[in-house]
Amino acid sequence: MPALKTILEDLTIFQVRNSTILSGKRVVSVDALRGFDMFWIMGGDLAFKGLDNIFHCRISGFIKTQMDHVDWFGFHFYDIIMPLFLFLVGVSMVYSYRKRLSQATSDRNIWKHTIQRVLILWILGMVVQGNLLTYDIDKIHFYTNTLQAIAAGYLIATVFVLYLPVTYQILATAGLLTVYWAIIALVPVGGNTLGAYDPDGNVAMFVEKSVMGRFIGWGSYTWIVSTLNFGATVMLGVFSGYMMQARVQPYRKFLNFLVYGLILVALGLIIDLWHPIIKKIWTSSFVLFSGGICVLLLGIFYLFIDVWGLRKGIRWLIILGSNAIFGYVAWHLFGNNLVGMAEVLLKGLNQWIESWFDTLRYFGGFVFIYLLMWYMYRNKTFIKI
């Protein structure tokens, strides 16, 4: 495949320590795509769910279904939110490590920042969904949040990016996916592998229960074994970051994204035949399929925003994307309160807009936090970890 050969050629010339072959131009599409992701995290899903209360039709019912995670097998639109967050961390790593490597005299300073970032993300994850603020040891979950998945994936990707040539980064990422598959499919639980892809019988959940004990997270989600594939998801973003900064023609760059994304989606669907797409345990087929969608979204945003210059009306996305971690934590800690405030202000309208009220109050909660993030953006207040 000539297109695949082109992608590999553009990828394998990279070494993040050699910044002379990278473009220094700011890419607005990355910030906008991060803002797109944040919108759905910060109440966009709830506002769109409410549309079914208004229209009661197949389309609104389909939208409502897509705004929830699948129960186990398969994929809904809302299942892209977490992998897109991890993926964009990988894209941003190419920019941030290029800058840090140009300034650092040794890797020690880089690792100091990396460990600091991992610890902060881990603690914030425990605050957001780990019940840390209950100050009750019996209620705390140690590893159960997207921010902690980012921390784990970021740590793995750091090792790959700093110490492996790109060809070996690709092979190492494939190795993570393969090792994960082997653990899930071949390691017996209870003397056999019959429950390899069952919510309670899979080896990832067995490890989770065995290691975490009373600190285990909620639901059928797993994190310890899934860490391998969190790293793979971040690395798919790293490869996209290499493509984004390559000094090649914009349309060739877009073509690379298109082919790369379609290949990942196809691989995910093929592997799904024997290694199902399951978000809750982050299977390798899920990594490839969701990663392909992330790449295609990045390609579309890049084409429209950075190539065609269609930037009218996207500033709100850039504002959301510029303080993503702050927005994520603030919404999870105070989102219900913000929606409650909106409900107080809008409840008088309920007598006239009953079916619209749910959508309106969730949108109102989003507006509150958006205005705060707009103020921060306007005053150049960016909270970075």
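Predicted model: local features only at pLDDT ≥ 70, side-chain atom pairs only at ≥ 80, totals over all residues.
Asp 31 is buried, at 11% relative accessible area (buried is under 20%, exposed over 50%, partly exposed in between; 1.4 Å probe, protein chains only). Asp 31 forms a salt bridge with Arg 34, with the closest N and O atoms 3.2 Å apart (a side-chain nitrogen of Lys or Arg within 4 Å of a carboxyl oxygen of Asp or Glu). Arg 34 also counts as buried, at 14% relative accessibility.

Residues are numbered from 1 along each chain as its sequence is written, and side-chain values use heavy atoms, without hydrogens and water.

## Other salt bridges

The count comes to five salt bridges. One of them joins Asp 68 and Lys 49, with the closest N and O atoms 2.7 Å apart. This pair links distant parts of the chain: Asp 68 is in the loop between H4 and H5, and Lys 49 is in H2, 19 residues apart. Asp 68 is partly exposed at 35%. Lys 49 is partly exposed at 21%.

Asp 306 and Arg 311 also meet in a salt bridge, at 3.4 Å from N to O. Asp 306 is buried at 17%, while Arg 311 is partly exposed at 41%.

## Asn 202

Asn 202 sits in the loop between H8 and H9. Asn 202 is buried, with 0% relative accessible area. Its side chain reaches the backbone oxygen of Pro 199 at 3.1 Å. A polar atom of that side chain also lies 2.7 Å from the backbone nitrogen of Met 205.

Residues that Asn 202 touches include Trp 72, Thr 222 and Ile 281, leaving out those up to four places away in sequence (contact means heavy atoms within 4.5 Å).

## Cores and H13

The largest nonpolar core has 99 residues, and Phe 87 and Met 93 touch the most other members (a core is a set of buried Ala, Val, Leu, Ile, Met, Phe, Trp, Tyr and Cys residues joined through side-chain atoms within 4.5 Å). Helix H5 gives the largest share of this core, 13 residues. Another core lies apart from it, with 11 residues, among them Ala 185 and Ile 281.

Six of the eight residues of H13 are buried, so H13 is largely enclosed by the rest of the structure. The cover includes helices H2, H12, H14 and H15.

Technical notes. Helix = DSSP H or I, 4+ residues; strand = E, 2+ residues; numbered from the N terminus. Polar contact = N/O pair within 3.5 Å; in protein donor to acceptor, adjacent residues only side chain to side chain.
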